[in-house]
Amino acid sequence: MNRAIRKVAVIGSGVMGSRIACHFAGIGVQVLLLDIVPGEPNDAEKAKGLTIESKQVRNRIVNDALQATLKSKPSAVYTKKVAELVKTGNIDDDLHLIAESDWIIEVVVERLDIKQKVFEKIEQYRKRGTLVTTNTSGIPIHLMSEGRSEDFQQNFCGTHFFNPPRYLRLLEIIPAPKTKPEVLDFLMDYGSRFLGKTTVLCKDTPAFIANRVGVFGFMAVFKAMQELGLNVDEVDLLTGPILGRPKSATFRTGDVVGLDTLVHVAKDLPANAPNDEAKDLFKMPPFLEKMLENKWLGDKTGQGFYKKVKVPANADKASFTQSPEDRGDEKKVSTAAQNTKTEILTLDLNTMEYGPKRKTRFATIEAAKPIDDLEQRLKVLYTGQDKAGDFYRLVHHMMFAYSSNRIPEITDELYKIDDGLKAGFGWDMGAFESWDVLGVEKVLKNMDAAGIKVADWVTQMLEKGFKTFYKTENGQRKYYDIRTQSYQPLPGTGAFILLEHLDEKVVWKNSACKLYDIGDDVVALRWNTKMNSIGGEVLEGVQKSVAIAEEKYKGLILANGGANFSAGANVGLIFMFAAEQEYDELDFAIRQFQATTMRLRYSSIPVIVAPHGLTLGGGCEMCLHADAVQAAAETYIGLVEVGVGLIPGGGGTKEMAVRASDRNIKEDIEVNYLQQLFINVATAKVATSAHEGFENFVFRPGTDRVSINPDRRIADAKRRILAMYEQGYTQPAPRTDIKVQGRGGLGGLLAGIHAMWRGNYASDYDKLIAEKLAHVICGGDLSQPTLVSEQYLLDLEREAFLSLCGQRKTLERLQSILQTGKPLRN
């Protein structure tokens with residue numbers, strides 16, 4: 001049966017339901033979002049004369065939930081336009097509309113009896129063959145569909161999305177007793193291909209896979225914290241980005257998820273999994289019991305492990321927890337309210353009182369900080385000889401033992417546990433991957449010495465000569481399969497091209513870059529620098545890769561690994577040249593960057609850039625000059641050079657003039673479009689998704705495309721390269737027909753700049769930068785609209801860039817970026 005998902009119905013519009021609805025709408029699917037009817041009109045509705053029969057009242061719950069999701073931060077949607085695809089209603093009046101849906105997702109409260117009643121109602125209206133799934137985090141799936149028809153049960157299973165669905169990529173698929181295999185196959189593929197998920201097929205066991213192991217990870221951290229006498233601030237320092245985990249680390253994550261959710265899973269496990277060897281660890285420590293009693297559940301109640309408070313801007317830290325009234329400063333109350341700042345207080349788990357954040361330092365952390373490579377950093381953390389090192393060893397040992405002992409209970413394949421932790425909790429490296437990095441045998445000896453027992457299959461694996469859980473062979477990633485006692489290819493990875501696993505396919509490299517043969521006569525360039533910034537060796541790598549591709553291949557892809565495609569040009573290099581007044585070196589560097597982007601534009605083979613994450617400044621300029629872009633949905637792209645006191649100098653400013661010219665010719669809206677492009681660059685506007693990149697005119701409709709699943713973007717780009725080649729790709733001719741506006745366009749832009757400056761929205765230096773930008777984007781001081789060449793605009797761009805490099809305030813901004821990571825507003 002060929003399935004197509006055109007319409008989805010989501011029953012339940014709470015935090016998860018509304019976000020799931022928006023995620024489907026974000027990929028272009030029509031969504032029906034339903035919830036219950038409120039008991040009665042609220043006071044505001046009564047004041048308007050509305051009754052319980054009024055549609056506005058009956059749909060209040062669902063509409064309020066959707067609006068809250070659309071306003072949430074970080075944004076739950078790729079673009080606000082997705083709301084147009086979401087139709088709201090209520091279960092009493094509109095449930096019959098689910099008959100038009102291809103997939104019905106139940107997301108109501110976590111109570112089996114309520115879910116069963118909802119399924120009974122759904123069966124009255126669903127058409128035969130329609131998918132029905134439940135988004136539960138732990139209720140046994142086999143209990144849900146009891147009493148339903150055979151067709152219902154065959155098309156029913158669990159689909160566990162993680163919150164927030166846009167950012168956490170895990171989708172657990174849990175079969176019910178009668179679920180047809182083809183339904184599971186469809187959902188596994190659809191979740192990956194269309195929803196951008198890491199789909200994991202689970203067994204119907206308590207908390208499934210990710211929450212079972214992930215919540216154990218929380219409890220292991222609590223245990224290690226108590227044994228070693230650590231506090232909340234210290235633990236979040238140890239379990240955040242330094243370890244390859246999210247910035248929210250442990251306790252901030254607890255606040256975001258909600259302490260009640262965490263405790264719900266932890267409390268249920270000992271009863272539901274009586275044979276779990278670590279069930280005693282899931283007992284609630286006293287501080288958690290007290291927090292539940294006080295309803296300190298995290299963000300949803302305004303305080304948890306952390307608490308935000310407003311304090312006078314000049315308050316002494318000792319008085320953070322007191323209001324002006326408490327301190328007897330009644331006369332200062334109104335003044336304090338006007339002159340306050342937000343402080344984040346931390347809960348002391350011994351006294352259960354909030355206090356200022358404690359600054360902490362560990363020798364192990366200081367030694368690991370300068371190491372960019374996570375694998376090398378992890379080795380330093382694990383072998384640390386202070387309290388931090390003790391913490392890392394204890395936590396990793398407990399996690400390794402627990403993960404190994406969950407096989408085959410919760411899964412037969414070890415990679416599913418790693419996938420769950422990475423996609424569901426935002427870890428950069430799973431448990432078994434970390435164990436591989438640290439050395440399986442070495443760690444096992446340490447665990448034996450500490451009295452921590454692993455599953456027998458680990459010892460048997462080593463005895464049979466298998467020394468790692470994963471290996472890469474001929475560019476293919478494999479895992480150790482316990483059942484066959486052999487390495488097997490990771491399922492589903494045929495659709496992915498992961499350059500970091502293709503070291504055997506390198507055809508050229510320098511100290512920053514590697515060029516890979518990815519098959520079918522296509523090559524892909526990847527560079528590995530801090531934040532994937534672009535310096536001389538990266539530019540050399542790009543130019544060399546184009547030359548090699550032109551000589552031997554059908555096309556070239558630019559794609560990077562890690563969290564980001566590129567944070568832009570190497571700011572440190574620019575600062576050094578500018579500070580030492582090495583203007584000839586600066587001029588050469590800018591010319592080299594411009595020549596590189598133009599080489600991408602005018603190569604004899606198709607070039608596609610496949611960005612993801614931060615794609616700023618120079619990274620954005622490479623996208624602007626490619627034949628096409630295949631962007632991950634989570635691509636945050638923009639020309640941000642104004643923020644460091646410069647203008648885009650790698651062809652980015654020139655390209656804005658080119659795009660304004662091309663659109664003007666087609667649509668005859670010359671000045672308005674030019675102004676919008678100017679504003680985007682002058683305000684360093686960054687798109688918060690690839691979809692928003694189209695709205696910001698960075699991406700081109702019809703030319704540039706989006707891969708919802710970031711792991712598919714290189715494979716998607718490769719298919720496009722081959723299609724362009726087969727269609728007879730022809731090298732473009734250099735442009736000499738770019739229509740610039742000259743003084744006519746410049747006058748309008750300068751007037752706007754002056755108004756912003758007079759209104760104190762821009763500093764004197766912001767005004768100067770914006771004037772330089774306007775001068776270039778309008779083609780300079782020309783008396784009338786004129787046709788110019790790209791080289792003419794590149795020369796103007798380079799001249800303006802160099803002139804700003806000589807300004808003291810630019811140096812101050814560059815220095816601020818290098819020292820603090822934030823631009824100075826001067």
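Author: R358 forms a salt bridge with D348, and the closest N and O atoms are 2.7 Å apart. A salt bridge here is a side-chain nitrogen of Lys or Arg within 4 Å of a carboxyl oxygen of Asp or Glu. Side chains of opposite charge can pair when their charged atoms come close. The model is predicted: local features need pLDDT of at least 70, side-chain atom pairs count only at pLDDT 80 or more, and totals for chains, interfaces and linings use all residues. Residues are numbered from 1 along each chain as its sequence is written, and side-chain values use heavy atoms, with hydrogens and water left out.

Now the setting of the pair. R358 lies in the loop between β11 and α15 (363–368), while D348 belongs to strand β10, so the bridge ties together parts 10 residues apart in sequence. Helices (H or I, at least four residues) and strands (E, at least two) are DSSP runs, numbered from the N terminus. D348 counts as buried, at 18% relative accessibility. R358 counts as partly exposed, at 40%. Buried means under 20% relative accessible area, exposed over 50%, and partly exposed in between (1.4 Å probe, protein chains only).

Next, the sheet. Three strands make an open sheet in the order β9-β10-β11, with antiparallel pairing. β9 (306–312) and β11 (353–356) are the edge strands; each has a single partner strand, so one side of each is left without a neighbour in the sheet. On average, neighbouring strands of this sheet are turned by 45° against each other, direction ignored. Axes are lines fitted to C-alpha atoms, for helices over the stretch in contact, and angles run from 0 to 180 degrees between N-to-C directions. β10 (residues 340–348) and β11 pair in the antiparallel sense over 4 bridges. Pairing requires that DSSP finds at least two bridges between the strands. D348 has E353 in β11 as its bridge partner.

Contact means heavy atoms within 4.5 Å. D233 lies in helix α10 (residues 232–238). At 4% relative accessibility, D233 counts as buried. D233 and V309 are 76 residues apart in sequence and 17 Å apart in space, C-alpha to C-alpha.

Now compare other charged pairs. A search of the whole structure finds 61 salt bridges. One of them joins E790 and K654, at 3.0 Å from N to O. E790 lies in helix α32 (residues 790–805) and K654 in helix α26 (residues 652–667), so this pair ties together parts 136 residues apart in sequence. E790 is buried, at 2% relative accessibility. K654 is buried too, with a relative accessible area of 0%. K467 and E441 meet in another salt bridge (3.4 Å, N to O). K467 lies in the loop between α21 (456–463) and β12 (470–473), E441 in helix α20 (residues 440–450), 26 residues apart. K467 counts as partly exposed, at 40% relative accessibility. E441 is partly exposed, with a relative accessible area of 40%. Then there is a network: salt bridges link K203, D412, E413, K416, D481 and R483.

Of the 6 residues of β13, 5 are buried, so the strand is largely enclosed by the rest of the structure. β12 and β13 pair in the antiparallel sense over 4 bridges. Y470 stands opposite Y479 in β13. The two strands, β12 and β13, form a hairpin with 2 residues between them, and N474 in the turn has a positive phi of about 55°. On to β14 (residues 486–489): β13 pairs with it in the antiparallel sense over 4 bridges. Y480 stands opposite Y487 in β14.

Finally, a packing link. L414 is in contact with Y470, Y479 and Y480, among others, leaving aside its neighbours within four places in sequence.
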